[in-house]
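These are my notebook entries on a structure I looked up. I record the points in the order in which I checked them.

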Protein chains: 2
Amino acid sequence: MSPRQPDPDRALEVERQIVEAARDILAEGGMGGLSMRLVADRVGLSATALYNYFENKDGLVRRVIEDAFRQFGGYLADAAAPHPRGSLDRVQALGEAYIRFATEYTAYFRVLFSIQQDDPRTLEDIPDEGGFGLLQEAVGDAIAAGKMQPVDPGLMALYCWCVAHGVMTIALACRIDHCAEGRETTLPTDPLELFRAFRPLMRDGIAVPVPIAVADREGVEV
Amino acid sequence: MSPRQPDPDRALEVERQIVEAARDILAEGGMGGLSMRLVADRVGLSATALYNYFENKDGLVRRVIEDAFRQFGGYLADAAAPHPRGSLDRVQALGEAYIRFATEYTAYFRVLFSIQQDDPRTLEDIPDEGGFGLLQEAVGDAIAAGKMQPVDPGLMALYCWCVAHGVMTIALACRIDHCAEGRETTLPTDPLELFRAFRPLMRDGIAVPVPIAVADREGVEV
DNA sequence: CGGCGTAGTTAACGCTGTTAGCTTAACGCC
DNA sequence: GGCGTTAAGCTAACAGCGTTAACTACGCCG
């Protein structure tokens with residue numbers, strides 16, 4: 001016995017090339033442009049050879065997504081780094097970086113947060129450690145510093161995430177400018193500008209505040 | 001001459017059956033389960049016959065989406081009807097109906113607001129008249145009634161939409177409960193509950209308010 | 001050298017959207 | 001009634017997809 005030994009280094013190298021090709025194709029033409037045969041052509045293999053490295057197309061895509069999530073996490077971390085912990089600016093910077101990443105790497109974002117797939121399990125590992133944990137930490141610090149409402153940091157972080165994610169997904173699915181047709185004032189069509197326009201509403205709320213000290217001084221009026 | 005006349009009534013009836021079959025298949029198995037041959041089988045035609053009624057698969061899907069958007073608009077209108085115009089409850093009811101529709105008709109919602117497609121133009125007509133216009137109206141009334149911050153109603157409506165949409169798309173793409181792993185408190189995993197948990201944050205903002213009357217009385221403390 | 005396992009190949013299956021070409025049926029007119 | 005015209009359907013086919021089965025070339029070890 002003792003047949004031919006597998007070469008782990010070479011296998012990893014080929015695997016890396018496959019993932020890289022798949023990533024490029026995905027970034028170029030989106031999910032619809034990705035096929036096993038095309039990936040195989042790029043790395044100079046036949047389509048069936050890919051099945052030696054990945055169980056199936058789903059496995060390959062999953063791998064690309066994992067890498068993209070890691071890159072996403074790094075992107076967010078870089079954006080947060082310049083801002084001091086406990087500051088609202090740090091939270092805002094994370095939100096804006098979220099939008100910028102989605103704008104810059106739209107094809108990735110589309111795949112990362114597609115609502116098409118029936119099994120959201122594939123996404124459950126990476127975003128938490130990468131992105132959401134970072135946001136939750138920043139939010140927790142800001143709450144501890146008295147800059148944000150003293151609520152559950154997880155809930156607060158999730159809320160901030162929802163706003164940024166909502167802005168981006170709506171911007172990708174619909175044309176915002178069309179929502180405002182026939183209006184006098186114009187809405188920002190750029191997602192980042194829109195997100196920034198939301199800042200006052202996020203900070204101070206959508207309802208007219210009823211400050212206690214003022215409320216018992218006179219009738220509620222704004 | 002004088003050849004055979006086309007029968008518009010029958011053509012419309014067949015077209016209706018095709019759309020209905022496509023809608024059902026979409027609701028059952030999502031976008032991935034929809035194929036021309038399957039639709040054709042359901043209505044007792046061959047796949048190629050569908051091309052007499054729709055330009056291609058995209059056209060058929062677009063038609064189904066249009067219908068779904070109309071249904072969506074009606075769903076929202078029904079939810080808003082019981083609440084008086086100008087009330088915050090009406091706005092909140094619209095938001096909750098948004099979540100409920102997405103939960104109840106998930107397959108529709110996935111197709112309606114997919115971020116996969118590269119052309120968001122297809123979505124641009126219906127949602128405005130159906131859903132967004134309604135929300136914008138409710139928000140405008142609430143602002144006029146002094147219940148909401150006096151900002152551009154379009155911007156305010158878009159903000160509310162982003163929150164609801166963010167909640168739903170995140171819930172569909174990731175598992176919320178996994179975001180909170182290893183935490184002491186638990187986050188609501190149900191989208192509707194989560195949206196309701198966000199209500200205080202939406203109302204009063206995420207930042208600690210600094211009421212003027214209180215701020216100059218003592219140091220800022222919460 | 002003989003055997004064995006790795007890493008690749010080609011051929012094929014069943015599916016997809018879509019087109020071309022053919023057939024059937026209904027209608028009005030002579 | 002027969003005929004031309006046309007709507008509406010059909011089958012066959014093409015190119016592409018993910019995936020499996022069967023086969024081949026290569027290198028190691030005993």
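Predicted model: local features only at pLDDT ≥ 70, side-chain atom pairs only at ≥ 80, totals over all residues.

Entry 1: a helix length in chain A.
I then listed the buried residues of α3(A): A:Leu60, A:Val64, A:Ile65, A:Ala68, A:Phe69, A:Phe72 and A:Leu76. I kept in mind that an α-helix has 3.6 residues a turn, so residues three or four places apart point the same way.

Entry 2: chain A as a whole.
I looked up the secondary structure of chain A, which comes to eleven helices and zero strands. Its pattern along the sequence is accordingly written α-α-α-α-α-α-α-α-α-α-α. Of the 222 residues in chain A, 37% are buried. I also looked at contacts in chain A between residues at least 6 apart in sequence, and 58% of them join residues at least 24 apart.

Entry 3: a loop residue.
Where does A:Gly146 lie? I found A:Gly146 in the loop between α6 (126–144) and α7 (153–173) of chain A. A:Gly146 counts as partly exposed because 13 other C-beta atoms lie within 10 Å. From A:Gly146 to A:Ala22 I recorded 46 Å, C-alpha to C-alpha, for a separation of 124 residues in sequence.

Entry 4: α1 and α2 of chain B.
I turned to chain B, where helix α1 (residues 8–29) packs on helix α2 (residues 36–43) at an angle of about 120°, with the axes 9 Å apart. That angle makes α1(B) oblique to α2(B). The crossing of the two is right-handed. On the α1(B) side I listed B:Gln17, B:Ile18, B:Ala21, B:Ala22 and B:Ile25, and on the α2(B) side B:Leu38, B:Val39, B:Arg42 and B:Val43. By class, the residues of this contact are seven nonpolar, one polar and one charged.

Entry 5: α1 and α3 of chain B.
At what angle do α1(B) and α3(B) pack? I read about 80°, with the axes 10 Å apart. That makes α1(B) roughly perpendicular to α3(B). Here α1(B) contributes B:Ile18, B:Val19, B:Ala22, B:Arg23 and B:Leu26, while α3(B) contributes B:Leu60, B:Arg63, B:Val64 and B:Asp67. I sorted the residues of this contact into six nonpolar, no polar and three charged.

Entry 6: α3 and α4 of chain B.
The axes of helix α3 (residues 57–80) and helix α4 (residues 88–104) of chain B come within 8 Å and cross at roughly 140°. α3(B) is therefore oblique to α4(B). I noted a right-handed crossing for α3(B) and α4(B). From α3(B), the residues B:Phe72, B:Tyr75, B:Leu76, B:Ala79 and B:Ala80 meet B:Arg90, B:Ala93, B:Leu94, B:Ala97, B:Tyr98 and B:Phe101 of α4(B). The residues of this contact divide into ten nonpolar, no polar and one charged.

Entry 7: a residue of α1(B).
Is B:Leu12 buried or exposed? B:Leu12, which I located in helix α1 of chain B, is exposed, because 11 other C-beta atoms lie within 10 Å.

Methods. Residues numbered from 1 in each chain as written. Chains lettered and ligands numbered in written order. Axes fitted to C-alpha atoms, helices over the stretch in contact; angles between N-to-C directions. Helix = DSSP H or I, 4+ residues; strand = E, 2+ residues; numbered from the N terminus. Parallel < 35°, antiparallel > 145°, perpendicular 65-115°, else oblique. Left-handed = near helix turned anticlockwise from the far one by under 90°. Contact = placed C-beta atoms within 7 Å. Nonpolar A, V, L, I, M, F, W, Y, C, P; charged D, E, K, R; others polar. Buried ≥ 20, exposed ≤ 12 C-beta atoms within 10 Å, placed from the backbone.
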